[in-house]
Amino acid sequence: VRFLFSSALSPEALVINDPDFQHEDLNFLSRSQRYEQAIRKSSLMVMKLREHGIADPDEIYWFKSFVHRGRPEPLDLHLGMFLPTLLTQATPEQQDRFFMPAWNLEIIGTYAQTEMGHGTHLRGLETTATYDPATQEFILNSPTVTSIKWWPGGLGKTSNHAIVLAQLYTQGQCKGLHAFIVPIRQLGTHEPLPGITVGDIGPKFGYDEMDNGYLKMDNFRIPRENMLMKYAQVEPDGTYVKPLNDKLTYGTMVFIRSIIVGDSARSLSRACTIAIRYSAVRHQSELKAGEPEPQILDYQTQQYKLFPLLATAYAFHFVGAYIKDTYRRISGDIIEGDLSELPELHALTAGLKAFTSWTANAGIEECRMACGGHGYSRCSGLPDIYVTFTPSCTYEGENTVMMLQTARFLVKSYTQVSSGQRVTGMVSYLNDLSRQRIQPQHVAARPVTVRINDPISLVEAYKARAARLVEAAAKNLQAELNHRKSKEDAWNRTSVDLVRASEAHCHYVIVKLFTAKLSEISNAAVRAVMTELCLLYALYGISKNTGDFLQAGILTDTQVNQVNQHVKELLAIIRPNAVALVDSFDFHDVHLGSVLGRYDGNVYENMFEWAKKSPLNKTEVHESFHKHLKPMQAKL
Amino acid sequence: LGSPLKTPGVNPDLASERLTASFSVEKLTARLDGGAEHTRMRRAIVEAIESDPAFSRENQYFQSQNERYEAAVRRAVHLQKKMREMGWTENGPEIKYIYRWLSGDIAFLLHRVFMRSISVLGSDKQVAKWIPLATEHQIIGSYAQTELGHGTYLQGLETTAVFDIATQEFLLNTPKISAMKWWPGDMGRSATHTVVFAQLYVHGKCYGVHPFIVQIRSLQDHSPRPGVTVGDIGPKMNFEHTDNGYLMLQNVRVPRENMLSRFCEVQPDGTYVRWGSQKINYFTMTTVRISILSDEVILPLMKACTIAIRYSAVRRQSKLKPGEQEAKILDYQTQQQKLLPQLAAAYAFHFINIYLHELFDRGYQEIQGRNFDSLPELHAFSSGFKAMVTQYCTSGVEICLRACGGHGYSLLSGLPSLYTRVLASCIYEGENTVLFLQTARFLIKCFMAASAGQPIPPSVTYLSSAKPGKCPAKDKLDFLSPDVYLKFFQFSRLLSSSAAKLQHLIQSGAEKHEAWNQCTVQLVKAAQAHCHYITVKIFVETVEKLDNKAGIQKVMKHLCDLFALHGIFSNAGDFLYDGYLSGAQMDLVTASYLDLLAVIRMDAVPLVDAFDFTDKSLNSALGSYDGQVYQRLYEWAQKSPTNQQVSPAYGKYLKPLLQNRLSKL
């Protein structure tokens with residue numbers, strides 16, 4: 001099934017065979033050493049990208065992910081946020097001043113948005129930029145502890161510039177958040193500039209090679225021309241000129257979220273590869289008395305843990321590709337000013353970002369647990385995948401907040417349908433509600449004939465569930481509104497229902513996209529195995545949420561039994577293809593970074609080899625013996 | 001400690017939470033400690049330890065694996081000194097408070113398991129020989145059971161111990177790489193001795209797995225003994241301070257007397273003698289499973305709840321009403337739904353833990369008297385509850401971590417290390433899926449016995465009660481009655497249908513083991529449901545027995561209701577199936593559950609205050625008692641070595657990069 005994935009071979013070969021990119025196992029290095037290795041490799045990478053003339057964003061992405069083995073690195077924000085923001089938000093004059101130096105890395109920048117006190121809720125940011133017409137400068141300040149910029153990658157030690165988001169004050173009025181280019185370190189010495197306090201925020205769960213930083217500004221002045229002014233402007237006398245359209249930033253958000261959906265798929269695929277290969281190598285206990293110990297992959301409970309995740313990894317892969325394609329398709333329209341499709345895509349990607357990152361986060365942990373004790377060792381690679389991935393539940397929009405954004409769109413669509421309008425796109429199933437309104441019962445109480453062996457029929461079941469949960473949430477919201485005065489209060493008191501509705505909607509979208517993909521696969525054998533995975537994904541989702549399907553009358557008790565039974569049958573059907581299905585993800589051993597997940601399956605020997613390199617084994621007798629143990633024994 | 005009045009500078013957002021408590025925090029703390037005198041003793045011990053800078057954990061998040069290990073050894077040595085100074089002893093009442101405060105961040109924990117296994121499995125003579133040496137730290141012990149190739153499935157262990165009559169010795173060997181001992185704590189660098197579990201061979205016959213005391217390092221220079229290869233297994237997700245080790249044995253000889261022989265022995269002529277039940281070797285493990293729950297599993301959840309709930313009362317984000325101040329995130333229903341069920345679970349597990357300890361203390365006495373009748377039930381209890389509580393607490397701590405957004409990801413929040421620590425408990429002392437299946441095997445046996453009219457242990461008598469009809473509840477308040485919701489959890493459908501399916505498969509010709517494997521997914525669920533039921537039942541019984549003074553019974557009743565309703569809400573399909581609950585009733589359950597969140601919200605901070613963790617014990621920038629979150633985070637981050645030391649990266653790589661001399665790199 002290799003053709004399902006974009007070819008990534010050439011950068012892989014370029015990087016993996018290059019001795020410059022080799023180093024000691026990161027697990028044995030301290031945080032400072034890991035930072036140093038990452039900086040070293042990033043510098044080399046920039047040079048080699050130019051040398052090889054690699055400029056296509058996808059190719060750069062692949063090259064980078066091989067250099068850094070899918071890990072974050074200190075120049076991420078420079079390459080991923082600083083440069084693109086200059087391109088999209090700087091005036092031509094500003095580009096002249098900043099872009100080429102930044103491209104040539106004389107300027108290394110980061111993007112300083114999040115503060116100690118505020119993340120996803122951007123309007124709450126407290127940093128101020130006050131315009132002083134006398135000197136034609138902005139005065140930047142961090143007025144409170146909570147306003148200190150906190151978390152930006154590359155800020156702690158690497159960058160000499162930052163794009164700072166601050167509340168703009170001019171002529172005594174607050175004009176909301178705007179972006180400013182702020183020099184933070186002296187060129188040449190790299191010392192912080194007067195008025196700037198900058199540093200590293202300390203150790204984290206993961207991201208050891210990233211210098212996430214803090215930034216505090218005290219009456220720090222920058223010229224008027226350092227405000228990014230392609231859209232909004234402040235004129236020399238302090239007059240504020242409003243931007244034309246504020247929906248444009250949606251485009252960037254959609255793009256970043258599509259990357260996170262892709263990351264969810266990739267991270268989960270890596271975890272599945274490790275867990276499934278290891279489960280084929282590990283033998284344990286006995287199924288039948290007197291026979292050799294079976295592979296743990298032959299245990300139903302192990303299959304039940306891993307195969308639904310494998311199916312999920314494939315499902316998310318298709319979803320990520322769909323969002324990316326849709327974004328590409330409509331980005332042309334966006335440039336030409338047609339934003340009609342953007343709100344739905346924006347709302348949908350918010351929910352999908354949350355849904356996929358939550359699921360992948362839990363899935364990676366499930367894979368690790370399925371590897372027992374050895375999964376807990378850093379040599380398995382699984383702890384690392386988890387700690388690197390888990391922040392995506394928070395960054396680029398905290399997941400619960402994202403789910404509620406999608407819910408807002410769903411409720412809005414429901415309200416439109418209720419008032420007689422039709423809605424289009426992924427929410428068009430809500431149109432069917434109007435036919436139901438004359439009847440007093442739930443939408444889904446109308447009989448849906450579900451054929452549990454047919455993905456298309458299962459899409460209908462998921463659709464009915466989403467419709468019922470959206471309707472229930474909308475009705476509960478209306479009931480709350482009838483009881484209380486405040487809209488926000490009613491919304492808050494319905495938010496658990498609203499999140500459930502969003503989840504059901506996203507789940508429906510994913511099953512639908514996976515099912516739709518099947519007909520595009522021309523190779524019969526591949527289509528057959530993908531159909532099995534698709535069925536497993538859909539049926540497992542039902543068996544995990546039987547309450548929703550039973551309560552809405554979409555499935556009967558008997559059908560629930562059949563679903564549970566069929567899930568187990570599918571496990572046995574997928575079992576012979578399990579290793580092939582993870583081999584198809586085509587992760588190189590170097591990229592996988594796991595002793596348990598090695599392609600050759602020589603797990604135990606290599607665990608021993610790996611352990612011998614551990615820092616605690618540097619000497620046969622550890623220095624603690626002489627320092628502490630021996631004196632204690634002598635004294636006691 | 002204690003009331004907010006003593007602590008100036010409490011963040012007003014946290015202070016206001018404490019003014020509205022519906023119950024006496026101090027009284028609840030005393031109740032959790034098992035009496036006010038215990039609270040006093042605990043606080044005195046905590047005070048003595050915290051005032052000693054040698055025990056400070058402030059820098060632990062900044063340290064490397066090597067530094068953590070050395071610090072843990074140093075602390076363990078210092079503790080010996082401290083205990084003597086204070087007059088504390090290993091068997092005294094103080095010891096549990098000492099270790100609880102240390103949160104396991106100390107060396108020689110496996111040394112204690114070493115001693116415990118000798119006490120339980122050793123003959124009186126062996127106890128007399130080894131325990132004094134170990135107590136005086138003349139030797140340092142470990143407990144080497146798990147191998148590279150086998151963990152929970154003990155029969156599969158491959159290390160061998162062959163009896164040599166000529167020399168009256170056992171010859172220990174690691175015959176292949178997967179037989180290497182792997183994971184035992186304190187063994188990688190510290191231990192001089194270890195209890196090795198190996199397959200015993202006498203006259204070519206295998207007698208199964210037995211424990212042997214083996215010296216692995218010299219008592220003079222600490223170098224490995226001849227035939228011994230030993231080292232550290234490398235970095236892990238946590239436990240950086242512990243030198244989990246590997247051990248390879250090549251023709252290592254130990255005297256006949258080194259096989260632990262309280263229950264069985266190889267006599268000089270090679271005769272194998274056994275007294276008592278086969279299962280007795282497992283009793284150490286069975287009790288260890290229960291003994292880890294309190295400090296290693298439930299405590300981390302309590303700490304995580306404390307951190308996440310206090311932080312959620314301090315963190316303000318977005319507005320609930322236009323024109324007002326930004327709202328505390330604890331006021332968002334979605335945040336309450338994440339955190340409050342975890343809080344309820346922490347209390348539920350505290351009470352189930354007390355119950356289990358009483359049960360096991362009784363069991364221990366019986367076994368000391370060589371009465372093994374209760375072993376199967378105790379074994380089923382320890383397996384099921386170990387699996388359930390570790391799984392639930394692990395997911396609970398992770399929910400708390402993620403509920404703290406970005407700052408939860410900082411090690412300084414304390415949450416990542418709580419999480420990575422508690423999740424190890426899902427694996428050690430028995431892999432959870434395997435353990436659930438052990439409980440399921442016991443339940444199926446009982447179910448079959450009950451069907452045949454035979455007597456069954458009291459904990460499972462509900463299995464034989466009549467199938468309930470329909471749930472009678474009509475109003476959402478009805479679901480706050482324990483009589484109503486206990487019936488939900490009593491349902492044995494999962495078990496009875498598994499039993500029926502097993503029987504069906506066997507009758508249609510499947511082999512027994514294959515039939516069992518086909519049913520395991522459902523059997524795991526059945527075992528979970530059983531443990532869930534017992535937990536709710538014990539919570540209900542505990543609440544009934546509580547004193548109605550000081551508002552404690554009322555607030556505990558709310559938590560008990562929440563724990564139960566959250567269980568129904570999260571497993572709706574199980575209860576809707578076969579119509580025990582109607583769809584309309586399920587909506588009432590949901591409504592009742594959401595109402596409870598708002599009620600418990602009012603007491604959320606006092607309920608975590610009652611756990612009475614000191615700031616130093618929490619070691620969290622987000623969870624401190626005074627709620628000065630941001631200030632503490634900022635000050636602490638500045639102490640990070642990354643801000644104290646000059647990184648060589650600038651001069652070596654950044655400077656040339658910035659000055660665009662890429663080609664010279």
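**Notebook: domains, a helix crossing and confidence**

I began with chain A, where an unreviewed UniProt entry places "domain: Acyl-CoA oxidase/dehydrogenase middle" at residues 111-219. This is a predicted model, and in it I found that residues 111-219 of chain A are 0% helix and 41% strand. I also looked up the ends of that span: their C-alpha atoms lie 20 Å apart.

Next I turned to chain B. UniProt, again in an unreviewed entry, lists "domain: Acyl-coenzyme A oxidase N-terminal" at residues 24-140 of chain B. Over those residues I read 68% helix and 0% strand, with the end C-alpha atoms 45 Å apart.

Then I picked a helix pair in chain B. Helix α9 (residues 333-368) packs against helix α19 (residues 583-601) at an angle of about 80°, and their axes are 10 Å apart. Angles of 65 to 115 degrees count as roughly perpendicular, so α9(B) is roughly perpendicular to α19(B).

Which residues make the contact? From α9(B) I noted Gln333(B), Gln336(B), Gln337(B), Leu340(B) and Pro341(B). From α19(B) come Tyr593(B), Leu594(B), Leu597(B), Ala598(B), Ile600(B) and Arg601(B). Sorting the residues of this contact gave me seven nonpolar, three polar and one charged.

Chain B has a mean pLDDT of 91, and 96% of its residues reach 70 or more. I flagged residues 1-7 of chain B, where pLDDT stays under 50. For that stretch the model has 11 contacts beyond four places in sequence. For the model I wrote down ipTM 0.92 and pTM 0.93.

Note on methods:
Residues numbered from 1 in each chain as written. Chains lettered and ligands numbered in written order. Predicted model: local features only at pLDDT ≥ 70, side-chain atom pairs only at ≥ 80, totals over all residues. Heavy atoms only, no water. UniProt positions renumbered as here; feature names shortened; annotations may be inferred. Helix = DSSP H or I, 4+ residues; strand = E, 2+ residues; numbered from the N terminus. Axes fitted to C-alpha atoms, helices over the stretch in contact; angles between N-to-C directions. Parallel < 35°, antiparallel > 145°, perpendicular 65-115°, else oblique. Contact = heavy atoms within 4.5 Å. Nonpolar A, V, L, I, M, F, W, Y, C, P; charged D, E, K, R; others polar. pLDDT = per-residue confidence, 0-100.
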